[in-house]
Amino acid sequence: MNNRMEKILEGKREARKRLAALPFSEKIKLLEQLRDRSLAIAASPLKKQFSHRG
Amino acid sequence: MKATLEVINQMQADGVIGKYAIGGAVGATFYLEPAATLDIDVFVSFQNTAGSSLLTLSPIYEYLTARGFKAEKEYIVIAGWPVQFLPLGNELVEEALAQAVATEVEDAKVWVMTAEHLVAIALQTGRAKDFSRILQFVESEAIDAEKLDSILGRHGLVAKWREFKHIFIGNK
């Protein structure tokens, strides 16, 4: 693994740690936003179009 | 989700359910970074507050549908969240409920299973998404290894854990 990739992965680990350390109420708000995005993606005509292509 | 939890707490106050604990992805969010989920898993005690046993989940459904909440397949949608009420299927889940920790979501009280119990239940359930969640717990060092070992030993999951570690973590 090269240095750049190591830095990227380390950055991701740090971001996950920061998110995990948030108060539960704040994490629930983020979870609600993630859910809304998932529902929007699931309802997207683009997703439906591509899911028929197998 | 606060409104959802308040309805569940009201169910408890009204004696429809006894103690409850949040498991699944929402429970895991207490310990880890948030991960997208579409529903809330609520494990409920069969023993209600009046001391009698619930034989089925139908009192829960009757209580909620009478208040205008709609059932959709195995869920009941409460304040926009599909909630799945799960009875305590075995001793591991019973223990997880008994040892659940109290916390709050915007002033709404809620009980969440311990990280170690969430991992043990995920291991026992054994779907791909359960294994993925276990790895999240391991990688984020959110579990107490000694406590987990004790739970796994009590519930006959040591061999399964060893196999999991061998496949996914590389330890024997």
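## The loop at Ala79(B)

In this predicted model, Ala79(B) lies in the loop of chain B between strand 4 (75-78) and strand 5 (81-87), where helices (H or I, at least four residues) and strands (E, at least two) are DSSP runs numbered from the N terminus. Ala79(B) is partly exposed, with a relative accessible area of 45%; buried means under 20% relative accessible area, exposed over 50%, and partly exposed in between (1.4 Å probe, protein chains only). Although it is not a glycine, Ala79(B) has a positive phi of about 50°. Most residues other than glycine have a negative phi.

Glu141(B) is exposed, with a relative accessible area of 69%.

Glu116(B), placed in helix 5 (residues 115-125) of chain B, is by contrast buried, with a relative accessible area of 6%. When neighbours within four places in sequence are left aside, Glu116(B) is in contact (heavy atoms within 4.5 Å) with Ala142(B), Ile143(B), Asp144(B), Lys147(B), Leu148(B) and Ile151(B).

Strand 6 (residues 101-105) of chain B pairs with strand 7 of chain B in the antiparallel sense over five bridges, two strands being counted as paired if DSSP finds at least two bridges between them. Within this pairing, Ala102(B) stands opposite Trp111(B) in strand 7. The two strands form a hairpin with two residues between them, and Glu106(B) in the turn has a positive phi of about 45°. Strand 7 (residues 108-112) is mostly covered, since four of its five residues are buried.

## Chain B as a whole

The secondary structure of chain B comes to eight helices and seven strands, and 49% of its 172 residues count as buried. Its radius of gyration, taken over C-alpha atoms, is 16 Å, which agrees with the value near 16 Å for a compact globule of 172 residues; the globule rule is 2.2 Å times the number of residues to the power 0.38. Among the contacts in chain B with a separation of 6 or more, 65% come from residues 24 or more positions apart.

## Basis of the values

Residues are numbered from 1 along each chain as its sequence is written, and chains are lettered from A and ligands numbered from 1 in the order in which they are written. Local features need pLDDT of at least 70 and side-chain atom pairs count only at pLDDT 80 or more, while totals for chains, interfaces and linings use all residues; side-chain values use heavy atoms, with hydrogens and water left out.
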